[in-house]
Structures are given as structure tokens and as C-alpha cells.
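Please read them beside the structure itself.

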Amino acid sequence: MDLDLEGLAARAAEAILRAQGKTVAFTGAGISAESGIPTFRGKDGLWRRFRAEDLATPEAFERNPKLVWEWYRWRMEIVFRAKPNPAHLALAELERMGLLLCTITQNVDGLHQAAGQKCVVELHGNIRRARCTRCGYRVEFKEPPKEVPPKCPRCGGLLRPDVVWFGEPLPEEAWQKAVQLALSAKTLIVIGTSGIVYPAAMIPQLAKQNNATIIEINVQDTPITEIADIAIRAPASKAMQAILTEVKKQLTQ
Ligand code: NAD
Ligand code: ZN
């Protein structure tokens, strides 16, 4: 391990232990990149010349539900094949150790839960679910739908992915819980988010205003870097494994 990462991971571990269970994680697409799920703004983020911003909107769905569903079916195929990586697993282990209170995620892939984490607040919904545009019934998929767009098993209405699209409000309960967590966090670990999708991107700011120590893990600088107390420039899995190792080391010292 390089010395720089080891030193930063040691400082991050100190902040986590100092928080005495009041550490919260805030994650974005970057934490799942090493599980093979492309980020929106990464180099593999394009699909058929469309941008996420043009497909993940209520207007796009009204215009062409089949096209939007084809895009989601393709993303579902990737998500259903994906496995949690060491970064998701490290967070779940910190939770089991009583050191991590909860993870607030912008991801829709369900990989935190797959890693065994119990407390997960999903700000943008989950791609494994759909809901009826007519009666609101929710459907949980075990595999991508064969036919798109899929129909509601209850009323025959059009199903839509149970995710938050650009221009839509966040689920109220999840947002309230996230704000509460941000305000009670003594340490916030921000992993793999570009920090530009609002209002989710307010979470690190709220925590900072409340004097939390901010640890940022990302492969590049982001707008959150400015308020980060500890910035680790490394892939999520490598950084989280290093932090977990340091936490265990400091616990036995
Ligand atoms: P984003 O695509 O805007 O940004 C990803 C960030 O992760 C970037 O800052 C990038 O530098 C960083 N990153 C890339 N690889 C990394 C790695 N291996 N380790 C650490 N960091 C890495 O993602 P966002 O900020 O989450 O916002 C995009 C929106 O798109 C979210 O609302 C989310 O719902 C959605 N989305 C979700 C998924 C998913 O569920 N896995 C995938 C793509 C997009
Ligand atoms: Zn219905």
C-alpha cells in the first residue's frame, strides 16, 4: 500500500472511531463502478447516443415509454449480474461493528443491501422495482422484464421504473431521514459521487455545517473536495479496504 493512502486511511479511521457510532456514509455511482455498473458521467456512460439527462425524465417517458424501458432493461441486466465490491462490503462490516450508523445512497442498484447492510436510505429509488402509473402498485423484479414496457399485474396500466427522474421530487420519507442522518453525523464518508445532482448533493454541506468531519473518496476532485477534511484520491474498494484495515488496527492498539 502506498504511504500516502495508508496515512490518509489512518486519519479516516481515527475520525470514524472518534464518532463513536455516529458515522454516516453518502454514496454515488462511483462506489458501484468496480462492480461493473457504469456511472452516468464516466467514459462508458453513453448509450445509443442518448444522455441519461435525456432519458431519465418524466417527459422522455411520456414521449417514448418503450425507449426509456429499453434503457432501463439494459441497466437492469447489468445490475442483476453485478455483485457488491469490497467498498460495499467494508461499509456493511463497519455497520456490523457498530461504527457506521447508516448509508445514504443515490444509487438505484441495491448493492448496499446485497452486501448485507441493514440501514440504507435510497434517495433515488431502486431499479429492481417498478410502480404502476395508474394505480401506484409496486412490483419487485427478480430479472429484467421480458416485454417492455411492462404492464401492471393488478390493473393492466403502464409500469414505470420506481426511480427518481430528473425534475422529480425525492421520496419525502427518505429525504427526511437523510437530512436527520446528515445532521446527526459526527463523521461523513462521501464515496464516488460527483456532488452535482441536487438536492442529494446538499447532504455533505448539511453535515459540514453541523461540524462533521468529511472524508471524501473519489478518483478525482469534485465540488465536495473543498469542504472535505480528508480527501482520498483512490478507487472506492482500495480506499475502503485501507480504512477498514486501519480501523481494526487502531481498535487493537
Ligand atoms: P456520477 O456518475 O455523476 O459520478 C460518479 C462519481 O464517481 C464521479 O465523481 C467519479 O469521479 C467517481 N468515480 C468513478 N469511479 C470511481 C471509483 N472506482 N471509486 C471512487 N469514485 C469513482 O454519479 P452520482 O454523483 O451518483 O450521480 C448520478 C446519478 O445517477 C445518481 O442520482 C444515481 O441515482 C444515478 N446512477 C446510479 C447508478 C447506480 O445505481 N449504480 C449508476 C449510474 C447513475
Ligand atoms: Zn396498476
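1. In this predicted model, the zinc ion (ligand 2) is coordinated by the SG atoms of Cys132, Cys135, Cys152 and Cys155, at 2.3 to 2.4 Å. Donors here are N, O and S atoms within 2.8 Å of the metal (3.2 Å for Na, K and Ca), and since water is not among the atoms, sites may look incomplete. The angles among the 4 donor atoms run from 99 to 116°, and the site is tetrahedral, a label given to four donors if all angles lie between 85 and 135 degrees.

2. The donor residues follow the spacing C-x2-C-x16-C-x2-C in sequence. Cys135 sits in the loop between strand E4 (125-132) and strand E5 (138-140), while Cys152 sits in the loop between E5 and strand E6 (159-163), so this pair ties together parts that are 17 residues apart in sequence. Helices (H or I, at least four residues) and strands (E, at least two) are DSSP runs, numbered from the N terminus. Cys135 is partly exposed, with a relative accessible area of 34%, whereas Cys152 is buried, at 5%; buried means under 20% relative accessible area, exposed over 50%, and partly exposed in between (1.4 Å probe, protein chains only).

3. The largest nonpolar core has 29 residues, of which Leu94, Ile191, Ile215, Ile217, Ile232, Met240 and Ile243 touch the most other members. Such a core is a set of buried Ala, Val, Leu, Ile, Met, Phe, Trp, Tyr and Cys residues joined through side-chain atoms within 4.5 Å. Among the elements giving two or more residues to this core are helix H1 (3-18), helix H5 (86-96) and helix H9 (236-251). Another core, of 27 residues, lies apart from it and includes Leu67, Val68, Ile127 and Val139.

4. In helix H7 (residues 172-184), Ala174, Trp175, Ala178, Val179, Leu181 and Ala182 are buried. Seen down the axis, the buried residues of H7 fall within an arc of 165°, so they line one face of the helix; the arc is that of the directions from the helix axis to the C-beta atoms. On the other side of H7, Glu172, Glu173 and Gln180 are exposed.

5. Two matters of convention remain. Residues are numbered from 1 along each chain as its sequence is written, and chains are lettered from A and ligands numbered from 1 in the order in which they are written. Local features need pLDDT of at least 70 and side-chain atom pairs count only at pLDDT 80 or more, while totals for chains, interfaces and linings use all residues, and side-chain values use heavy atoms, with hydrogens and water left out.

Definitions and conventions:
Four donors count as tetrahedral if all angles lie between 85 and 135 degrees; four count as square planar and six as octahedral if opposite donors are over 155 degrees apart and all others between 65 and 115; anything else is irregular.
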